[in-house]
Amino acid sequence: MYKLSTATLLALTSVNSLSAHANNKLEEIVITSSRVEMPLREVATSISVITHGEIQLRGFSTVADTLRYEPAISVTSNGGVGTPTNVRVRGESGFRTKVYIDGIDITDNSSTQAGPNFGNLLSGGIDRIEILRGPEGLSYGADAGGVINMYTATPKTGLTGGLETEGGRYGTWQYGGHVAGGTEVIDGAAMIERYETDGFNTKTSDTVLQDDDGYDNTTLHGRGGWNISDKLRAELVGRSVKGKGDYDACFLGAPTYTETDDCRQEYEQDFGRAALVYNGDQFSNTLSFNANSADRKFYTEGINDYTYKSDFREIDYLGSWKQSEMLTLVYGAGLQRDSMDAGDGNESRDQEGYFMEYQGSFADSIYLTAGARYTDNEDFGSKTTYRTGAVYLVTAGEGELKFKATYGTGFRAPSLYEIAYNINFPPYSSEPPYEPLPPLPELGAEESKGYDAGVGYFAASGWYLDVVYFDQKIDDEIYFDLIDFSGYKQGDGDSSSNGVEVTTEVPLGEIFTLTSNYTYTDTKDFDGEQRLRTPKNMGNIGVLTSLMDGDLQINVNYRIARDIADETFGNVGDYEVLDLSVSYQVLEALQVYARVENATDEDYQEVPDYNTPGAAGYAGLRYTF
């Protein structure tokens, strides 16, 4: 396949054009920056939005694949759906990113370094995704190195619903259905999704068994609301995920510790949230209880040799007071308990946090934010972190120039998993006679800081170009020793990530829309080496074609990843992936769609020794009422 140079990609990213049929991007309302509704024109942080239409047109079965088209996001997977999947934002590992569904923190405390389980997160029912890039998640926690907020559709008055089915390569089938409705007083929605695939041989070193590693998943999601009065509302959200699948490269127990490719994992996670929301003329208040629990089981040749369980509980309060355009306060408090059981007893700890942020606008062109957060961790003490931001808007031609800058700090205590691993698996020498080594030093907390600054031009007719420079550092980064496998260690010095993001969307007349982004990310670990599995250069170029008054839509996306760090046990080369998707609205209630993933059958890896899917076609239909 023809390979675009980085210079060509950047040039395409910077293309400008006009259209009289689109809306100014600055008027879009987002929530993720400060957990309250704000138009993008007032937001200093870097926010990306994936709409319902984009999610459906891309058509991917998982949230991780849906995120691949976004700026500054790289995704790596140890095989197919259901395998360990890491979503990195600006070069930072996925466990530093907070992920929410309808306000529920879905962190799995039993996963390595306590992060979201993207491998089992399907995209069915997800209506909108907002992404906050960078360590400026003040209102979410001191450890929020980025935030991904997902929302399901809000139920409306009346009755709506739908069914969806899809099939394709690797024996893949997906079925789903949803129903929603309500009155002016009560409303509710429910969704079910079933995913099955025979999969493919995930590991290149599996040359003996050479079996396909299949996976299946059942996801249920429900939400309901009661409008107690015109200002007071009660809400309830629940979600259940059950997945199980095969994988390669696990080990038999003593005395042989022989590697085998007959491996299986089962995963269950349940989430829930109950909230009471008051929206007054000046004051808004939300009090909620959030919970999630996870249960992971691993089998080697049919024997259950590892089981991990975790729980997360949080009482959260969020409030805001608007005195005038020049004075708005957003504030909150939270108490959370993290628990994990790796089969040798339950470990838990509490953490509390309090924050307040000032927001003010002046002359409809200057928007300022400044806030601080106090965090008290039961095991690692207290820390005050903060965030500041500024936006300056200037009318220019038929649009506006937006100048923005933010600066934020963070604090992350070692996860229960990191601590438990070092205790339960003391280090041994990597060569015979495999003698015990001195225990690793106790882990301390990480501290981070980062800023970004950018300028964008947003035309009233709908096209925009946005350029952002970012720079972020982590002091005393916790990492896993991939050379001797001795456990979790702590770097002596700063790890860094800095670079440039260029994003544009250009409507070309009535029919075509060009979307593109390019991210240059220069990462260094505490030894000055490039950090693993984040391409130095990556980008997307997409063309959306809309015909027949929008009934027929065709999307083409070309994704590149280049200059990835070499690893101890294998290297990952550059790669380019072409995806195609099409949808046609046959009737008002019936849509047929199809997509081809990796249309050129690119042979590439995201993790050394792990295969990725080849060219694969899928087709399905959606019926709504």
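These entries record what I looked up on the disulfide, the aromatic rings and the charges over rings in a predicted model.

**Basis.** I worked from a predicted model, in which local features need pLDDT of at least 70, side-chain atom pairs count only at pLDDT 80 or more, and totals for chains, interfaces and linings use all residues. Residues are numbered from 1 along each chain as its sequence is written, and side-chain values use heavy atoms, with hydrogens and water left out.

**Disulfide.** I searched the whole structure and found one disulfide (a pair of cysteine sulfur atoms within 2.5 Å). Cys250 and Cys263 form this bond, at S to S 2.1 Å. I noted that the pair links distant parts of the chain, 13 residues apart: Cys250 is in strand E17 (residues 250-251) and Cys263 in strand E19 (residues 263-279). Strands are DSSP runs of at least two residues, numbered from the N terminus. The S-S torsion is about -95°, so the disulfide is left-handed. I then checked burial (under 20% relative accessible area, 1.4 Å probe, protein chains only). Cys250 is buried at 6%, and Cys263 is buried at 3%.

**Aromatic rings.** I found 27 aromatic pairs (rings of Phe, Tyr and Trp, the last by its six-membered ring, with centres within 6.5 Å; planes under 30 degrees apart are stacked, over 60 edge-to-face, the rest tilted).

**Charges over rings.** I counted NZ of Lys or CZ of Arg within 6 Å of the ring centre and within 35 degrees of the ring normal. Arg35 lies over the face of Tyr140, 5.9 Å from the ring centre. The charged end of Lys203 is over the ring of Tyr610, 5.1 Å from its centre.

Technical notes. Helix = DSSP H or I, 4+ residues; strand = E, 2+ residues; numbered from the N terminus. Buried < 20%, exposed > 50% of the residue type's maximum accessible area, 1.4 Å probe, protein only.
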